[in-house]
2 protein chains.
Amino acid sequence: MAKRVRVVVVGAGFAGLWATRVLARGGALVTLVDRHPYSTFQPLLYQVATAGMGKADVSYPIRTFAARWPNVRARRAALSKVLPAEKRVEFEDGSGMDYDYLVISTGVATNWLGVEGSRANALPIYSLDDAAVLRRRLQHCLEDTAQGRRESTHVVVVGAGATGVETAGTLAELRRRTLPLTHPEIKPHQTSVTLVERFDYVLAPYKPRLRDQAAGALRKRGVRLRLGSTVKAVDEDAVVLEDGTRLPSDVTVWALGVTAPKQVSDWGLPQGKGGRITVTEALNVPGHPEVFVAGDLAGPPHPLPQLAQPAMQMGRHVGEQILAAARGRSPRPFSYRDPGIMATVGKAEAVLQLSNGLTMHGLPAWLVWIFVHVAYLLGGRNRISVLVNFFWRYLGPRRSATSVIQ
Amino acid sequence: MAKRVRVVVVGAGFAGLWATRVLARGGALVTLVDRHPYSTFQPLLYQVATAGMGKADVSYPIRTFAARWPNVRARRAALSKVLPAEKRVEFEDGSGMDYDYLVISTGVATNWLGVEGSRANALPIYSLDDAAVLRRRLQHCLEDTAQGRRESTHVVVVGAGATGVETAGTLAELRRRTLPLTHPEIKPHQTSVTLVERFDYVLAPYKPRLRDQAAGALRKRGVRLRLGSTVKAVDEDAVVLEDGTRLPSDVTVWALGVTAPKQVSDWGLPQGKGGRITVTEALNVPGHPEVFVAGDLAGPPHPLPQLAQPAMQMGRHVGEQILAAARGRSPRPFSYRDPGIMATVGKAEAVLQLSNGLTMHGLPAWLVWIFVHVAYLLGGRNRISVLVNFFWRYLGPRRSATSVIQ
């Protein structure tokens with residue numbers, strides 16, 4: 001490279017890490033910034049929330065990631081301002097950095113959808129802290145129920161996308177297999193897991209056959225499905241549906257969509273649907289070609305699902321375009337190569353749909369699901385540790401008692 | 001057993017778990033109570049503090065432990081009152097339990113020794129929360145130092161017992177091997193690890209040859225030893241010695257002795273040295289033979305070191321005596337079978353001293369140390385996970401960068 005470009009990558013999710021990796025290998029001087037000292041593997045957050053894994057299993061220190069390349073630095077800071085005219089970013093602590101190219105990959109935030117009481121009474125699973133809070137809340141409710149200080153621990157999961165289905169399925173398995181051993185004081189009628197979805201089916205992006213497969217697997221595990229039901233309000237002790245039904249709820253999990261965080265509007269960049277930053281087909285910002293956006297926050301001409309694959313591919317593309325631009329070439333448009341989608345319902349049960357139309361479910365799909373998730377986990381130690389946890393949770397001796405809400 | 005005795009075990013450390021195990025196998029109706037929902041494996045807390053392991057690696061849910069036996073229940077509660085005359089305990093939440101026999105194994109608390117500023121400015125490593133707080137404090141200091149918001153991250157460890165030596169040794173290794181990769185912005189003179197000890201040697205309970213071996217291993221790793229130095233005060237930014245020396249300290253670790261927590265005096269039981277509960281040779285309380293004390297809080301006629309082995313043996317003894325008493329036999333005196341002591345300094349370095357006088361150091365001692373610690377960890381999953389972490393930390397590829405203060 002003729003000159004060493006300085007790139008600041010803000011946000012160490014899939015998009016930020018993949019962009020950093022490409023830029024690092026291309027010899028750019030990269031600073032990877034995140035508001036946390038770690039990167040979070042979001043697809044497994046539901047495992048943290050349901051006590052199957054620890055925080056350390058699904059997070060990875062950004063400084064350890066950066067240590068792989070001499071030309072990459074990591075830094076803990078929260079973005080407060082983007083000054084594209086000055087090619088500079090500023091952070092909440094008052095410091096700032098100049099850049100030649102900027103990658104914004106900070107992700108999005110929980111979308112409360114304006115539902116009354118949702119922000120006050122429901123718990124999201126978008127960040128590592130969210131997952132830990134939900135886990136503690138479940139633990140406390142169960143302990144209080146066991147000790148007779150609380151009537152029940154009914155859980156209502158709102159939203160039957162992948163996160164909602166995975167959370168509800170895992171909680172239902174815990175309820176059936178683990179609770180009778182760890183909380184023998186609690187009677188079956190004192191707990192329940194309900195999944196509420198406004199569509200008439202779960203897992204909207206999947207083919208009807210797989211949706212039915214997943215719904216059947218959830219029912220088999222004891223999940224109460226409330227399909228075709230829109231949530232009107234979340235109270236402290238209930239989820240209220242549009243038709244007036246009150247579902248008793250001691251723990252309400254908010255597994256609905258996400259939206260751009262409010263502070264994005266302070267950055268002075270064009271915003272489109274859901275507050276996402278408007279980008280060209282090459283994923284940079286109109287008028288500021290040196291500012292790229294990747295991941296959930298990018299609002300490209302053809303919106304993409306908020307999954308790991310699009311984020312990783314956008315990150316890689318953005319990294320490549322910056323390296324090309326630094327060599328004087330103009331950026332190429334991004335195109336998403338869809339490998340397919342998958343979601344797990346519980347032990348030995350998952351659904352998988354390849355982009356070529358092939359589908360799979362049950363044990364084979366579950367094994368593929370595990371393989372893919374573990375393969376993409378960062379860092380060898382995490383990989384091994386997560387595999388151990390997985391197999392222990394599902395295949396180990398005394399399998400029903402070894403994982404518990406703690 | 002003629003009748004099923006009701007035993008309440010308060011405190012799920014080594015003593016409480018071992019007592020519970022014996023009582024459970026003997027058919028007693030046991031309730032295991034702890035203020036946390038988990039039991040903590042204290043000997044590895046320094047690994048949590050130095051980011052080698054996650055909280056989940058060194059803790060185990062008490063409800064999962066109790067689930068092993070149908071006659072054992074677990075309960076999260078903090079002891080507030082012992083009413084020996086009524087054979088009843090009461091908890092901070094206002095609830096209570098009647099017992100036939102009571103085991104008090106709640107452990108002890110940090111001993112600030114009346115040193116000025118110690119409680120306000122030093123961090124202990126006695127509980128899991130302590131370890132997590134220390135880890136976060138280190139992470140923040142290092143990040144701030146890397147970003148130029150703070151001059152330095154000097155660590156002073158007070159007390160060269162096993163915990164102090166293990167913490168100082170591990171931090172020194174992190175400083176030398178990991179920091180240059182993860183925090184390349186920090187210059188060597190901006191960090192240091194100092195170990196302060198009032199005796200003229202480290203590891204007082206060991207033979208002089210092993211003390212020297214450990215001291216040499218610490219020095220080799222770059223630990224600054226201040227032996228024969230008594231701490232007079234702990235300031236926000238320094239540790240002040242009796243001779244007036246101010247050791248700059250950004251993070252002060254309090255690895256000194258422990259003492260009975262204040263609330264013990266509310267329990268109406270006889271207390272001896274250090275506030276420990278006075279017990280007979282059989283480990284029960286004079287005048288209240290159905291109340292047993294095991295672990296660090298027990299003040300038996302011949303005081304024992306505050307280690308896992310004495311706690312486990314006391315727990316086992318207390319469990320056996322209760323089973324015997326329930327059958328009408330009188331309790332036998334406790335005698336400690338000392339297997340020896342060991343401490344690790346860092347990678348491939350430990351000291352070991354058997355009670356028969358045999359000593360060992362270096363790699364062989366380190367391997368024994370790992371084996372013993374992992375063998376005693378509760379729960380298969382933890383065992384495997386901890387082994388993976390250990391070998392990854394010390395033997396894995398890119399070994400110097402895979403563990404980091406996060």
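Between domain 1 of chain A and domain 2 of chain A, 5 residue pairs are in polar contact, with both partners at pLDDT 80 or more. On the domain 1 side of this meeting place, the elements that supply two or more residues are α1 (14-25), β3 (38-40), α2 (45-49), β4 (59-61) and α8 (308-326) of chain A. The largest share of that side comes from α2(A), which puts in 5 residues. Sorted by class, the side of domain 1 that touches domain 2 holds 19 nonpolar, 11 polar and 5 charged residues. The model described here is a predicted one.

Now for the two domains themselves. In the domain assignment of chain A, domain 1 is made of residues 6-108 + 260-326, while domain 2 takes in 118-257 + 340-395. The C-alpha centres of these two domains of chain A sit 28 Å apart. Where they touch, 35 residues of domain 1 are in contact with 31 residues of domain 2. Putting the two domains of chain A together buries about 2800 Å², and carbon and sulfur atoms give 63% of that area.

Charged pairs come next. Side chains of opposite charge can pair when their charged atoms come close. Across the interface of domain 1 and domain 2 of chain A, the rule finds 1 salt bridge. Over all chains, a search of the whole structure turns up 25 salt bridges.

Some salt bridges join one chain to the other. The side chains of B:Asp93 and A:Arg149 meet in a salt bridge at 2.3 Å, N to O. This pair crosses between chains: B:Asp93 belongs to the loop between β7 (88-91) and β8 (96-98) of chain B, and A:Arg149 to the loop between α5 and β12 of chain A. B:Asp93 counts as partly exposed because its relative accessible area is 39%. A:Arg149 has a relative accessible area of 43%, so A:Arg149 is partly exposed too. There is also a network of salt bridges that links A:Arg63, B:Glu143 and B:Glu185.

Back in chain A, A:Arg150 is found in the loop between α5 (128-146) and β12 (153-158). With 25% relative accessibility, A:Arg150 counts as partly exposed. Leaving aside residues up to four places away in sequence, A:Arg150 touches A:Arg137, A:Cys141, A:Asp144, A:Thr145 and A:Asp250. With A:Asp250, the side chain of A:Arg150 makes a polar contact, side chain to side chain, at 2.6 Å. A:Gly52 is another story: 98 residues separate A:Arg150 and A:Gly52 along the chain, and their C-alpha atoms are 24 Å apart.

In chain B, B:Arg149 forms a salt bridge with B:Asp144, and their closest N and O atoms are 2.7 Å apart. B:Arg149 is partly exposed, since its relative accessible area is 42%. Another salt bridge ties B:Asp250 to B:Arg150, with the closest N and O atoms 2.6 Å apart. That pair links distant parts of the chain, 100 residues apart: B:Asp250 lies in the loop between β17 (246-248) and β18 (251-254) of chain B, and B:Arg150 in the loop between α5 (128-146) and β12 (153-158) of chain B. B:Asp250 has 12% relative accessibility, so B:Asp250 counts as buried, whereas B:Arg150 is partly exposed, with a relative accessible area of 26%.

Key. Residues are numbered from 1 along each chain as its sequence is written. Chains are lettered from A and ligands numbered from 1 in the order in which they are written. This is a predicted model: local features need pLDDT of at least 70, side-chain atom pairs count only at pLDDT 80 or more; totals for chains, interfaces and linings use all residues. Side-chain values use heavy atoms; hydrogens and water are left out. Domain bounds come from an automatic or database domain assignment. Contact means heavy atoms within 4.5 Å. Buried area is the accessible area (1.4 Å probe) that two parts lose on being put together, summed over both. A salt bridge is a side-chain nitrogen of Lys or Arg within 4 Å of a carboxyl oxygen of Asp or Glu. A polar contact is a pair of N or O atoms within 3.5 Å; within protein, one must be able to donate a hydrogen and the other to accept it, and residues adjacent in sequence count only if both atoms are side-chain atoms. Helices (H or I, at least four residues) and strands (E, at least two) are DSSP runs, numbered from the N terminus. Ala, Val, Leu, Ile, Met, Phe, Trp, Tyr, Cys and Pro count as nonpolar, Asp, Glu, Lys and Arg as charged, and the others, Gly among them, as polar. Buried means under 20% relative accessible area, exposed over 50%, partly exposed in between (1.4 Å probe, protein chains only).
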